[in-house]
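Dear colleague,

Please find the structure we talked about below.

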Amino acid sequence: MSVTANSVWNNCLAFIQDNIQPQAFKTWFEPIKPIKLSENALSIQVPSKFFYEWLEEHYVKLLKVALTKELGEKAKLVYIIKMENTYGNKEPFTEKIPSSNRGIVSSQEMDVPIKSKNPELRNPFVIPGIRNIKIESQLNPNYNFDNFLEGDSNRLARSAGLAVANKPGGTSFNPLLVFGGVGLGKTHLAHAIGVEIKDKYPERTVLYISAEKFTQQYIESVKKNTRNDFIHFYQLIDVLIIDDVQFLSGKSGTQDVFFHIFNHLHQNGKQVILTSDKAPVDMQDIEQRLLSRFKWGLSAELQNPDYETRISILRNKLYRDGVEMPDDIVDYVAKHIKTNIRELEGAIISLIAQSSFNKKEVTLELAQQVVEKFVKNTKREVSIDYIQKVVSDYFEMDVATLQSKTRKRHIVQARQLAMFFAKKFTKASLASIGSQIGKRDHATVLHACKTVDNLAETDKQFRKYIEDLTKKFS
Ligand code: ADP
Ligand code: MG
């Protein structure tokens, strides 16, 4: 039988299993995957940096004995630390990353000192520098500074972003918090900073993650008893970009863990970049100590783009797509869509499609129709009536039932969800939400929002409701 990574590792495991507690074996050795055997070096994949440190600190002698038995005195062990692809498959723009851009995906060597109380235990047979730590940045190369057009509305945020990209962790903009309404370029700018840093400092570990994904990962880690791994993984990052931190509101467990990660990174001169749909002063249900950290660096606002910026964004889009469009049409679109660049782009893409597929001349009339659709959609998104309608439909009841005084559990839950989404997607006050959803008071709405947050963290089925419904609103 030929010697493979698998066979060598299986023999090692058999030996190790005989020598340690079953629980320890299950925790620390079962998750390891043998990857490669070349001459006398066995590469094994471990789930996190913390995992690797733990093995080195507690099991290095055992590993050495086991491996030497298999591969002789010159045995070497190489750790490969693999993070799951945190994009998930749902995110639409994963597909947009062309394979030639895989270079963006960092596969790099990091030399992080091992925190060990027993330095003599350190790594007696791992060649320093061949420990591969692979952390995929999750950056979208299509979002860069070149195509993030400058205007009065974004000048401060854009320049601060550039300054941070030039000297990550080395400016007073730490953290850099970019805030602004929906569709104004927060995600684009956040990626652009990361992309620029990767370009200038390829050896730095950059990670982009949405606060939502971060929360999910955290909840998973608590379930799987790997909270420490989670924390240690994040503490390794040089540049941590967290998108939409308002999502953390009301999630005290995740806030707590983020607080510790943040402090660690900040103390070590690592850069943190955050985006949010609100300024720190307006954030609700975020712990004070976290808010005060957010204010340490710079909060830069992305404002609604002025007319000139809207025109140049539209022209740039047309230019990149190689499409010509009459000035009065561009002008019409720019004049009527003012508060959301995503909608601005959506309208022009829609017009481009109409003209190229139907070989139709784009008339002002067509532009009006298209724009109207976009503007209407925005209005619909924010109405509490619409939210109640969608939630009722989803649970197959009518709006009157949702608003009724009944204490039946599934109806109460539907009502609480409607309140939760009304708070999330509209600017209405708690009192006004309450009065529109079955004449309740503001305390009831507040309680509903907290209940939903709690259930989201503890109840899988309920989390599914939230995910499904959220999709319907976005
Ligand atoms: P947000 O995260 O604030 O909701 P996004 O970053 O997703 O907004 O931006 C919405 C769309 O608008 C994206 O397609 C983005 O590329 C585009 N966009 C935003 N700001 C600019 C800008 N200054 N220049 C060019 N495109 C922009
Ligand atoms: Mg965004």
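Here is what I found, by topic.

Residues are numbered from 1 along each chain as its sequence is written, and chains are lettered from A and ligands numbered from 1 in the order in which they are written. The model is predicted, so local features need pLDDT of at least 70, side-chain atom pairs count only at pLDDT 80 or more, and totals for chains, interfaces and linings use all residues, while side-chain values use heavy atoms, with hydrogens and water left out.

Helix α4

Helices (H or I, at least four residues) and strands (E, at least two) are DSSP runs, numbered from the N terminus. Helix α4 covers residues 60–71, 12 residues in total. From first C-alpha to last, α4 reaches 16 Å, close to the 16 Å expected at 1.5 Å a residue. That expected span is 1.5 Å times one less than the number of residues. Buried residues in α4 are Val-60, Leu-62, Leu-63, Ala-66, Leu-67, Thr-68 and Leu-71. Buried means under 20% relative accessible area, exposed over 50%, and partly exposed in between (1.4 Å probe, protein chains only). Gly-72 follows α4 and has a positive phi, near 85°.

Gln-416

Gln-416 sits in helix α17 (residues 409–425). Its relative accessible area is 12%, so Gln-416 is buried. Leaving out residues up to four places away in sequence, Gln-416 touches His-447, Ala-448, Thr-451 and Val-452. Contact here means heavy atoms within 4.5 Å.

Salt bridges

A salt bridge is a side-chain nitrogen of Lys or Arg within 4 Å of a carboxyl oxygen of Asp or Glu. By this rule there are 19.

Asp-453 pairs with Lys-251 (3.9 Å, N to O). Asp-453 lies in helix α19 (residues 442–458) and Lys-251 in the loop between β8 (239–243) and α9 (252–267), so the pair ties together parts 202 residues apart in sequence. Both Asp-453 and Lys-251 are buried.

Asp-321 forms a salt bridge with Lys-317, with the closest N and O atoms 3.6 Å apart. Asp-321 is partly exposed at 39% relative accessible area. Lys-317 counts as buried at 14%.

Glu-203 bridges to Arg-204, the closest N and O atoms being 3.8 Å apart. Glu-203 is partly exposed at 47% relative accessibility. Arg-204 is also partly exposed, at 25%.

A network of salt bridges links Glu-150, Asp-152, Arg-155 and Arg-158.

Best regards
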